[in-house]
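Please look at the sequence and the model below, then read on for a walk through some of their computed features.

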There are 2 protein chains.
Amino acid sequence: MAGTNKRRPAVLGGPAVVLVEPQLGENIGMVARAMLNCGLTDLRLVSPRDGWPNPAAVSVAAGAATVLDGAALFETAAEAVGDLNRVYAATARPRGMVKPVVTPRAAAADMRAAAGRGEAVGILFGPERAGLTNDDLTLAGQVIAVPLNPAFASLNLAQAALILGYEWFQAGDSTPARSLALDGNTPAAREELANFFTRLEAALDEDGFFHPEEKRAGMVRNLRNVFARADLTDVEVRTLHGVLSALAKVRKRRGGD
Amino acid sequence: MAGTNKRRPAVLGGPAVVLVEPQLGENIGMVARAMLNCGLTDLRLVSPRDGWPNPAAVSVAAGAATVLDGAALFETAAEAVGDLNRVYAATARPRGMVKPVVTPRAAAADMRAAAGRGEAVGILFGPERAGLTNDDLTLAGQVIAVPLNPAFASLNLAQAALILGYEWFQAGDSTPARSLALDGNTPAAREELANFFTRLEAALDEDGFFHPEEKRAGMVRNLRNVFARADLTDVEVRTLHGVLSALAKVRKRRGGD
């Protein structure tokens, strides 16, 4: 039953995802998708209930069928983790057993560190209903428990794999936490913004908008802050100039009222 | 079409989840589950394709049916976000539009801060295939883009909601990153561990295990480190004493060879 790729070297650095006795093919397919979303490809199946390959898995995997094609098959969880240096168990806090428990985020940091030392890591997931047996839990050095609403904490297999894969990906990702999608635009130079303020305030002065005079400075600052906060592009500043011109025309047509 | 709970105050602090023209009832049900997993309950539906209520949503929601029961119905996205102070759009990086882009983690931190100031926040999700229109995007101050494998980045609706809800939950959660599940056990006092070492090393001395003598100190340290690292409980130290006694009996029975 065990595939020939059983002992392939775990070179990718990402954790192997080991599904112990998964029941539904659809869930295996959804796990494959979640894995590929997170850049993971080392899928290992231990005695899947409905045999392998499983058309139901392929039908939901879509673009992640390649992960299914590369899946390795094992008869026992012990064999599936045999070449790994560090094994985690995805499960609730263990009962009747003393075991370190880590959050997905801490596990991801630890797995990244282990991979950086050249260690092969993996995560065990139990069958959909029963979860991992205590015997399988002894294969893992740590348990990963996802902090969630304690009144409704159960995740399905693919969701659990997604959360752990997501944390793995984030731990190695350098996307800035906050950025500006400019779509080819250029943020306005501060002098363009200053020109706009000058023109806007002159128009408002002409209309007697800043009234009474002692409140003028504060009102000007408030208005400037609105636009300063907006991260305007040069095109947007030109658009705002156009708005001023158009409003001036309207006023002129109405006879300057 | 709009429900009577349309203007209920957003008192929970957690973001409202606004599904714009969702297509499949199953997806709405899965979103409800993902929301409740993360302690979110304010679900808002904008013109769901198959009407509302939708039995297909109920059938997959299981314990999260309460979230569906409380869902508010709107005709436009603008109405659905009317009472919110801060709106995010869950989508890919926007095209043809200048918009701040944040990671789910940064968004969660910002939403927690906003909720702490008493602001009502929400996240817009577009229809399954098309995503949010550019018009709907103008309702949002920020876009939340999930950093994932760029070659396979698409998430389904419920998975996207789960990731954002997960980050919201983590941002307010105090679960220690690393802990030890003791299951009622007590970590061994250091003197219990020292007694075990003394007995183990005496037994090994008797057997001539520490050979040659100049390596004894290093070997003792290595052995002690194995057990020191294991976070032994008092029960486990007693078990190890039992193991020593049992092995000693075996040796005696064999005539002390």
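Residues are numbered from 1 along each chain as its sequence is written, chains are lettered from A and ligands numbered from 1 in the order in which they are written, and side-chain values use heavy atoms, with hydrogens and water left out.

The predictor gives the complex an ipTM of 0.91 and a pTM of 0.91. The average pLDDT (the predictor's confidence in each residue, from 0 to 100) of chain A is 92, and 95% of its residues score at least 70. Residues 1–11 of chain A have a pLDDT below 50, yet this stretch has 22 contacts in the model beyond near neighbours in sequence; a contact means heavy atoms within 4.5 Å. Where pLDDT is low, the predicted coordinates should not be read in detail.

Chain A has ten helices and eight strands; these are DSSP runs, numbered from the N terminus, with helices (H or I) of at least four residues and strands (E) of at least two. The radius of gyration of chain A, 29 Å, is well over the 18 Å that the globule rule gives for 257 residues, so the chain is more spread out than a compact globule. That radius is taken over C-alpha atoms, and the rule is 2.2 Å times the number of residues to the power 0.38. The C-alpha atoms of chain A fill a box of roughly 90 × 40 × 40 Å along the principal axes.

In chain B, strand S2 (residues 43–46) is joined to strand S1 (residues 16–20) by four bridges, and the two run parallel. Strands pair if DSSP finds at least two bridges between them. B:Leu19 has B:Leu45 as its bridge partner in S2(B). Three bridges join S2(B) to the parallel strand S3 (residues 72–74), where B:Phe74 is the bridge partner of B:Val46. In a regular strand the side chains alternate between the two faces of the sheet. Both faces of S2(B) are covered: B:Leu43 and B:Leu45 on one side, and B:Arg44 and B:Val46 on the other, are all buried, meaning under 20% relative accessible area (1.4 Å probe, protein chains only).

Finally, two cis peptide bonds: one runs from A:Trp52 to A:Pro53, with omega near 0 degrees, and another joins B:His211 and B:Pro212, with omega about -5 degrees.

Notes: Predicted model: local features only at pLDDT ≥ 70, side-chain atom pairs only at ≥ 80, totals over all residues. Buried < 20%, exposed > 50% of the residue type's maximum accessible area, 1.4 Å probe, protein only.
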